[in-house]
Amino acid sequence: MTKYDPLAIEAKWQSRWTQGRHFHVEADPSKPRYYVLEMFPYPSGRIHMGHVRVYTIGDVVARIKRMQGLNVLHPMGWDAFGLPAENAAIKRRLHPAKWTYENIDNMRAQLQKMGYSLDWERELATCDAEYYRWEQLFFLKFYEKGLVYRKNSPQNWCPDCHTVLANEQVEDGKCWRCDSEVEQKDLEQWFLRITAYADELLADLETLSGGWPERVLTMQRNWIGKSVGCEIDFPLEEGEGAVRVFTTRQDTLWGATFMSLAAEHPLAERLIKGKPQEGETRAFIEKIRNMDRIKRQADDLEKEGVFTGSYCVNPVTGLKMPIYLANFVLMGYGTGAVMAVPAHDQRDFEFAQKYGLPLKVVIEPRGETLDADALTAAYTEPGLLRDSGDFTGKDSGDAKIAIADWLEAAGKGTRAVNYRLRDWNVSRQRYWGAPIPMVYCEKCGVVPVKESDLPVRLPLDIQVRDDGRSPLPDNAAFVNTSCPACGGPARRETDTLDTFFESSWYFLRYCSPKDDTAPFDPEAVRYWSPVDQYVGGIEHAILHLLYSRFFVKALRDLGYVSHAEPFANLLTQGMVIKDGAKMSKSKGNVVDPDEMVARYGADTVRVFMLFAAPPEKDLEWSDSGIEGAARFLSRLWRLVTEELAGVVAPTGPCLAQDPEALSPLARELRRREHATVAKVAKDIEGQFQFNTAIAAIMELVNFLFANVEALRAEDPRAVSSAVNTLLAALSPMAPHVCEELWEMIGHKTLLADQPWPAHDPAALATDTVTVVVQVLGKLRGKIEVAADADEDAVKQAALAEENVARHIAGKTVRKVIYVPGKLVNVVVG
Ligand code: ANZ
Ligand code: ZN
């Protein structure tokens, strides 16, 4: 008997798998494929338990699919650009490149120790020019197509990170990375026109339903935020022109009593000029401009505004409406103007209360009368229209449609759709990113770099600055270039691309990662795409997933790919927590994977992670839990190498055995063996219930232990089959120990190459009944069938019975009659 020595075993199998290029795959259209991908890690320095969890989940899926005969792509790489590298570099006085590549080496070694069945030959790092040159090409192609443009606009600016942030990267007015208060700053920036795809990004969420968590679909829907309504003109009281509003509630038009504009509204200047309150108004505009967008949108924002001194006219009631500037109206949404309906909109209600503006009720609950003076809050529910001209008495839902029709016919307004989604600002004022391939020429203006001049390499001979500012603008060798159009002196763009640019297409690059003539081989992408199973954190539910979806659609329209959605199925795993909180250095509750692997072995860590919680739930780290997993694997080891030594032969899993020839105990073992395989496959497939799958395997181990003496004596073949099956079924979760035991019982081929055990459904039945078989009324045999076996299965078994078969040989079966649970009569002639 040898001792279970996980570290020795794991090193041995990891090197065999690598040497045999075991998990390397090639596209092969003659084979069905399966692409399983976990979100690639940021090379922060060390693998943490969160990584271990997500990569273990993906690995089990990869291994089981491989055993089920699919050609499985399971790659790994590094999301290697980004701020933390730069910040860490500043702190440690290291070059970001050195820091990043060293981290990659460390983390690769850590991942390899986990025994993941990855095709390491496809490894990529997004900070390599061989990678980012292709996204520079995409940038140029997008530019040609009008999907990239440059714009000066107020941006979210993080003073500590010295860079702009996308809206998605601002959380509660704070930087998602460093928690600093975000400021507003006017800057020239590059944008990707993701809004051109708003409709398709929204519509195609339907096609993902079922494959993606409903929660993520809802978050994406809300983020895209489609609003359907009308644009309506309110003529100015003085002079030409009108204020155009966007409203989703045209049914409340008769109740609009004042107008609220964004402080940045282009009409503001004209409306306030020369009015007595001009000074006060200007001061207000200044104050609002400096507030950040996120705060202006918050529900609990104290509503504030100023009267411009000007009026407009309600186009249906003729009411003279004072025009205000209001802090909650944003210039970037709709038209930057809101027809205020204080009786039916809560923000307008609060505003009206504060500034003593009139309320007019135009919607009432059926059968009730609302008194404007008695309202304590806006009535925002549907109801019946009142005091609304020809539409009075109509249901508000119907009135929306009727009023939109009427406005269009009367030329007073048009139907309009608005999206909350904004174009994606991809400019970052940081060093460690992919250079944006554009130059500025004094003569020609903005000029794209020639495709043949790609990549624009990020210069590595730089000194990181202590204040975090990018060294690129001071790097003359990088900045000074010649204009691709006129050849005259020009300056390079020194902003770099948002790192979400890299992660928006890496899953395509994995299909042919070494291609140096194209971003990817279209044939390979066609074969492997879309990713069948994507696994990653819910924190990427909006950003990364939306950008990737957009990229695939944009690349499709450029002719690069032929599919429309990158990820067919998505699993969002929960966090790993300890003492009720997410593991983090600041909380001091970090458990280091390396330490755990050194103490227990990777198989134990894997089994614990999979067993402790279903994947979408948070996983609470527990020392007793990992001890339990370790005990289970030791028990399995002892069972095979000691208790059943000499009994188990390399028979293969789910051995075909005649149940009648087995003892009752062996028959029960056989039933459990088949039931375990069926359950493991079913629990993992689609459901990812690794915990119940492992529990089923544990039960089988317990049953073998409990009956070991009797089983040894009675039926070694049944025992062999059960143990072979057990190892095959557990191998996706605990691959090393299973390979080792598999080899020890005498197999010459790797377990990783075994087909998934095919269980016999008939073997699952708990009770069997004896059915007599007659041929032309004469008893010719008896068969044992499952009590709940279906008629066809029983008839087939009857015809196949040895003696019966002899009696019908050479004759034509005219009819087979089945009396359930009792008798089969075969009529021949
Ligand atoms: C009149 C009205 C009456 C409105 C009512 C609502 C309720 P969503 O669904 O988010 O698209 N709005 C329009 N542009 C705005 C802007 N730039 N800043 C702030 N608010 C703006 O919301 C559409 C509603 O938000 C519009 O419909 C408008 O107010 C307001 F009983 O118009 B509503
Ligand atoms: Zn030029």
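Guide: The second largest cavity holds about 70 Å³ of space. A cavity here is a set of points, on a 1 Å grid over the protein atoms alone, where a 1.4 Å probe fits but cannot get out. Volume is the space filled by probe spheres set on the points, with points joined across faces, edges and corners. The model is predicted, and totals for linings use all residues, while local features need pLDDT of at least 70 and side-chain atom pairs count only at pLDDT 80 or more. Residues are numbered from 1 along each chain as its sequence is written.

Trp17, Arg63, Arg66, Met67, Ser731, Pro735, Glu739, Leu751 and Ala752 line the second largest cavity; lining residues have an atom within 4 Å of a point. Two or more of the lining residues come from each of helix 2 (49-67) and helix 25 (735-744). Helix 2 gives the largest share, 3 residues. Helices are DSSP runs of H or I, at least four residues, and strands are runs of E, at least two, numbered from the N terminus. By class, this lining has 5 nonpolar, 1 polar and 3 charged residues. Ala, Val, Leu, Ile, Met, Phe, Trp, Tyr, Cys and Pro count as nonpolar, Asp, Glu, Lys and Arg as charged, and the others, Gly among them, as polar.

For context, the whole structure has 2 cavities of 30 Å³ or more. Strand 6 (163-165) is among its suppliers, with the largest share, 3 residues.

Conventions:
Chains are lettered from A and ligands numbered from 1 in the order in which they are written. Side-chain values use heavy atoms; hydrogens and water are left out. On a 1 Å grid over the protein atoms alone, a cavity is a set of points where a 1.4 Å probe fits but cannot get out, and a pocket is an open set with protein on both sides within 12 Å along at least five of seven lines; lining residues have an atom within 4 Å of a point.
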